[in-house]
Amino acid sequence: MPLYGEPGQRIAYERYPHGGGGPPIYLLHGFTASAASFAANVAALREQFTVVTVELLGHGGSDAPDDPALYGPGPAVERILGLMDALGDERVLLCGHSLGGAVAVQCALAAPERFAGLVIINSASAAGTPAWAEAARAGMAELAARVRAEGTGFLKRTRLYPAHSRRLDERSRELLTRDFDRLTPAGLAGTAEGLIPFVNAFERLPELQVPVLVVAGQRDRDFMEVLPGFLAQLPHGLARVVELPEAGHAANLEQPREFEAAVIDFAREIGYLPAADGTAPRRAAGSSTLNVLGGLLVAAGLGMLAAALVVAQLGKDGGRSFVAAEPEATPTAGFTPVTAVAGTRTAIPLPAGGVATLTPAATVSGSTPAAGAAVPPSPTPTATPRAAGAAATPTPTATLAPSPTPTATATPAGPYAAIAGPLRVGVGESATYFDASRPVPLRVTWVTPSGTVRDVHGVTVTFPSEGCFAVTMEAVFPDGVTRTAVVNVAVGGATCGG
């Protein structure tokens, strides 16, 4: 592969020209992966685009220097922009998987005029909260120390190793395994210390100015838990979501045709590709491709204030989505920082922990449940987009519902805890609730009818029977203040008090 950059910090890339001069799409892989992450997609994408695969420093054929500072978000962005200049690509569609998705967000924040849009594939490192970044920092420091001391061999016994995967096609698995075996301790440690802990830009997501397509493999539990909060943090109307129900973390490889169709449709919607009938590109500035509906309940101190907006989407069965499919591994509390940024996952089980069964008749401090309610105990512990995209068109897995006008009330002064999620669901249905607190908490603890989970931005809850159920979240803020929010959910025909 060709190399770009200064000796010692060069990045490998490959350019696949389009016969008709199609516009460029740049593809960025995840941690421990390589350009092989898109091996199954290049041929189809090349029918519409000039495809450029890029390998991050320390990965694939790129250099792997010892200095972690060279791996940081700033240098990573500069290398990608420099490569675009060297190849004569003034403006591109940028697609990132996992860790590559977070790097893509950093690129769009640094130089929005250079990017027609972003495609983010199962990137917990892009979607995670500051609490996610804090936990990742500790996990990455431990990983870096171990690979420097022991080498990379022990990672072949983990679910990071592509050879274990049962969900990848044979060619992708072989190529990814080959490139994993080429990883060096310096490359892994440098990425773990210099890039991953600092690449998350959750607090800057409202500044994004380019359209975003989120491709979500539903079997990736880590990503599905943080997805609602990620979408809520983006400017209204900037994003659309395509969910792939049979895909996990490597969604573009596990459902490649659906992924490719979603990317091509998105490029047409934002005017980057001509319409399918060959007419001029469609542009509909200001139209929303991310639809919102429902209600947001805010609880600050002793009071509960009604406010706006729950992210939802109509699934194939007419129910609300953002519901994680059955996980590939034994459920865990929160996420595993290493696997949440990795290029591939396997179905090898991980140790369980952190899930507790609730006592249905317990009482929540500060709320008055309706008679007969099943309630958990209290926990102890800027600019307009360049092209906003046309009204949503059919996607491989979902039809978006129209967005009603939300009704908002005053925002409380000071830190407040907030839960966003539907207030009514059917018996046996699942719904996702996410943290909409301000400022972003350092830590959160959720207590729901499905269990107790800590330090995740969103939780999926299944409601097995009719009645009133409480979803509670305790938020700890940077100044040490603790606030609790409670949502009473009416299931089936039940009627619940506020």
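Reader: Are Phe-49 and Tyr-272 buried or exposed?

Author: Both Phe-49 and Tyr-272 are buried, where buried means under 20% relative accessible area, exposed over 50% and partly exposed in between, with a 1.4 Å probe and protein chains only. This is a predicted model, in which local features need pLDDT of at least 70 and side-chain atom pairs count only at pLDDT 80 or more, while totals for chains, interfaces and linings use all residues. Residues are numbered from 1 along each chain as its sequence is written, and side-chain values use heavy atoms, with hydrogens and water left out.

Reader: How is a pair of aromatic rings described, and what kind of pair do Phe-49 and Tyr-272 form?

Author: The description of a ring pair takes the distance of the centres and the angle of the planes. Rings of Phe, Tyr and Trp (its six-membered ring) pair if their centres lie within 6.5 Å, and planes under 30 degrees apart count as stacked, over 60 as edge-to-face and the rest as tilted. By this rule the count comes to four aromatic pairs. Among them, Phe-49 and Tyr-272 are stacked, at 6.4 Å centre to centre with 25° between the planes. Phe-49 lies in the loop between helix H1 (42-45) and strand E4 (50-54), and Tyr-272 in the loop between helix H11 (256-269) and strand E9 (292-293), so the pair ties together parts that are 223 residues apart in sequence. Helices (H or I, at least four residues) and strands (E, at least two) are DSSP runs, numbered from the N terminus.

Reader: Which type of pair do Phe-463 and Phe-469 form?

Author: Phe-463 and Phe-469 are edge-to-face, with 5.8 Å centre to centre and 65° between the planes, and both are buried. Ring pairs link Tyr-433, Phe-463 and Phe-469 into a cluster.

Reader: How are two packed helices described, and at what angle do H5 and H7 pack?

Author: Packed helices are described by the angle between their axes and the distance between the axes. Axes are lines fitted to C-alpha atoms, for helices over the stretch in contact (heavy atoms within 4.5 Å), and angles run from 0 to 180 degrees between N-to-C directions. Helix H5 (residues 130-150) and helix H7 (residues 185-194) pack at about 165°, their axes being 8 Å apart. H5 and H7 are therefore roughly antiparallel, a term for angles over 145 degrees.

Reader: Why is H7 said to be largely enclosed?

Author: Eight of the 10 residues of H7 are buried, so H7 is largely enclosed by the rest of the structure. Those buried residues pack against helix H2 (73-87), helix H3 (99-110), H5 and helix H8 (196-199).

How values were computed: Angles under 35 degrees count as roughly parallel, over 145 as roughly antiparallel, 65 to 115 as roughly perpendicular and the rest as oblique.
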